[in-house]
Amino acid sequence: MNTSVFSLLRTFVVTKNKKMELKDRTYLITGGTSGVGKAIATGIAKTGANVVIVSRTTSNGQQTVREISEKSANRKISFLTADLSLMKSVGQLSTEFKQQYNQLHGLVNAAGAWYFKKEMTSEGIDKSFAINYLSHFVLTNNLLDIIETTDDARIVTVAGAPRFMKKPKIDLNDLQLTKSYSWLKATNLAMFARVYFGLELADRLQNTSASSMLFHPGFVKSNLGKGATPWWLKLMFLLSSDVRNAPDTCESGVYVATKENAKSTNGKFFDEKNNIIELQNKFEKSIGKELWLLSEQLSSKR
Ligand SMILES: NC(=O)c1ccc[n+]([C@@H]2O[C@H](COP(=O)([O-])OP(=O)(O)OC[C@H]3O[C@@H](n4cnc5c(N)ncnc54)[C@H](OP(=O)(O)O)[C@@H]3O)[C@@H](O)[C@H]2O)c1
C-alpha cells in the first residue's frame, strides 16, 4: 500500500474512532433550558453524545428536549428536574443521575440567575449565592465519584469576561452579603467564587484522570436580563447591539466540553475564542482553599 493511501486510511480510522467516542459520551448540563447552557447542550448534542439537561419544570424540560433534538437530529436528549437554589434538590438530582447512568464524561455548570433584591432560600442561603455558585459546588462534589471513574471526564464551569477578573475580591467573612447587598455585588461574588472553585478543583483532581476547566461564553442570547429592574440596565439591554445580536451558540463552552485530552488543560481558563488566558496569578490559592472549606460547611448543614 502506498504511503498516501495508508495515511488516508489512518485519518479515516482516527476520525471515525473520535466520532464514536463523542457519540458514546454522556453529559449533564445545568441551565440547559436557556442561554449559555442550552447553547452548549445543542452544540454537544450535534456530536451525537447523550445529553441530559437540568430543568426546573417538567414542561420546560420536555419542550427544550424536543427543540434540542430537532436542531441536532439527536434523539439521545433527556432531562432531570431540580431547583438548584435548594441543596436538597441538588442532592436528589445527583442521586437520580447516578441511578440512571454510571459514567459522566462532562458536567457543565452553566445555570445562573440575577437577583436584584436580596432573597433567602428556605434553607437559609442567599439565593444568588445558592444558584450561581453553591449549587455548582455541591453538584460537582456529589458526582465526583462517577466523574473520576470515567475516562477523560471534565467539569466545565461558566465564568465571566477575563477583563472583569483582574481584581477578584471576595469577602470570606460575608459570603452571603449580609452587610450590604446589590445585584452587582452578588453577581461578582458568585462569578469570582466559581473561578476560585474551578481552580481549586483542578488542584484536587491533579492525581486523577478528571479535570476542571473554566470558560467565558462571550455574548450568548439569554434570558438573564429579562427581569432587570434598574432602568439603566434595561436601557443597556435595549441599546446594546452585542446583546441584541448575540448568537444562540457557545463555541467556547462546546469546545471545552468536547475537546480531547482534557487533562492537558486541567485548571485552564478559556476565553470566547478558545484561547487560554492565564488568570491563576490573580486568584490566590489560599482563598480558594478557604472558600472550599466554607462551602462544605454551608452545604453540609442543609
Ligand atoms: N449569556 C451571556 O452572554 C453570558 C456571558 C457571561 C457569563 N454568563 C453566565 O452564564 C450563566 C447563565 O446565564 P445565561 O445567560 O445562560 O442565563 P439564562 O438564559 O437566564 O439561563 C439561565 C439558566 O439557569 C437556569 N436556572 C436559573 N435558576 C434556576 C434554579 N433555581 N434551578 C434550576 N435552574 C435554574 C434557568 O432555568 P429556567 O429556564 O427554568 O429559568 C436557565 O436554564 C450566568 O452565570 C451568567 O452570568 C452569561
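This is a predicted model: local features need pLDDT of at least 70, side-chain atom pairs count only at pLDDT 80 or more; totals for chains, interfaces and linings use all residues.
**Exercise 1. The chain as a whole**

Task: State how many helices and strands the chain has, and compare its radius of gyration with that of a compact globule of 302 residues.

Solution. Step 1: The chain contains 10 helices and eight strands.

Step 1: A compact globule with 302 residues would have a radius of gyration near 19 Å, and the chain has 19 Å, so the two agree.

Step 2: Along the principal axes, the C-alpha atoms of the chain fill a box of roughly 75 × 40 × 40 Å.

Step 3: Of the 302 residues, 40% count as buried.

Step 4: Take the contacts in the chain with a separation of 6 or more; residues 24 or more positions apart account for 76% of them.

**Exercise 2. The shell around the ligand**

Task: Determine how many residues surround the ligand, and which are the closest.

Solution. Step 1: The ligand is surrounded by 26 residues, and the closest are Gly31, Gly35, Leu84, Gly112 and Ser222.

Step 1: Helix H2 (35-45) and helix H5 (127-148) are the elements that give two or more residues to this shell.

Step 2: H2 provides the largest share of the shell, three residues.

Step 3: By class, the shell around the ligand has 12 nonpolar, 12 polar and two charged residues.

**Exercise 3. Helix H2**

Task: Work out which residues of H2 are buried.

Solution. Step 1: A residue is buried if 20 or more other C-beta atoms lie within 10 Å of its own.

Step 1: The buried residues of H2 include Gly35, Val36, Gly37 and Lys38. Also among them are Ala39, Ile40, Ala41, Thr42, Gly43, Ile44 and Ala45.

Step 2: Because 11 of the 11 residues of H2 are buried, H2 is largely enclosed by the rest of the structure.

**Exercise 4. Leucine 84 and histidine 136**

Solution. Step 1: Leucine 84 lies in the loop between strand E3 (77-81) and helix H4 (87-100), whereas histidine 136 lies in helix H5.

Step 3: Leaving aside neighbours within four places in sequence, leucine 84 is in contact with Thr30, Ser89, Val90, Ala111, Ile131 and Ser135. Not counting residues up to four places away, histidine 136 touches Asn109, Thr157, Arg194 and Phe197.

Step 4: Leucine 84 and leucine 139 are 55 residues apart along the chain, and their C-alpha atoms are separated by 9.1 Å. Histidine 136 and valine 108 are 28 residues apart along the chain, with their C-alpha atoms separated by 9.1 Å.

**Exercise 5. Leucine 294**

Task: Find where leucine 294 lies and which residues leucine 294 touches.

Solution. Step 1: Leucine 294 is part of helix H10.

Step 1: With 14 other C-beta atoms within 10 Å, leucine 294 is partly exposed.

Step 2: Not counting residues up to four places away in sequence, leucine 294 touches Leu172 and Leu175.

Step 3: Alanine 153 is 141 residues from leucine 294 along the chain, and the C-alpha atoms of the two are separated by 26 Å.

**Exercise 6. Positive phi values**

Task: Give the phi of alanine 73 and of asparagine 261, and say whether each residue is buried or exposed.

Solution. Step 1: Most residues other than glycine have a negative phi.

Step 1: Alanine 73 has a positive phi, near 55°, and asparagine 261 has a positive phi, near 50°.

Step 2: Alanine 73 sits in the loop between helix H3 (58-72) and E3. Asparagine 261 sits in the loop between helix H9 (251-258) and strand E7 (269-270).

Step 3: Alanine 73 has 9 C-beta neighbours inside 10 Å and therefore counts as exposed. Asparagine 261 has 8 C-beta neighbours inside 10 Å and therefore counts as exposed.

Conventions
Residues are numbered from 1 along each chain as its sequence is written. A residue is near a molecule or strand if its C-beta atom, placed from the backbone, lies within 6 Å of it. Helices (H or I, at least four residues) and strands (E, at least two) are DSSP runs, numbered from the N terminus. Ala, Val, Leu, Ile, Met, Phe, Trp, Tyr, Cys and Pro count as nonpolar, Asp, Glu, Lys and Arg as charged, and the others, Gly among them, as polar. The radius of gyration is taken over C-alpha atoms; the globule rule is 2.2 Å times the number of residues to the power 0.38. A residue is buried if 20 or more other C-beta atoms lie within 10 Å of its own, exposed if 12 or fewer, and partly exposed in between; C-beta atoms are placed from the backbone. Two residues are in contact if their C-beta atoms, placed from the backbone, lie within 7 Å.
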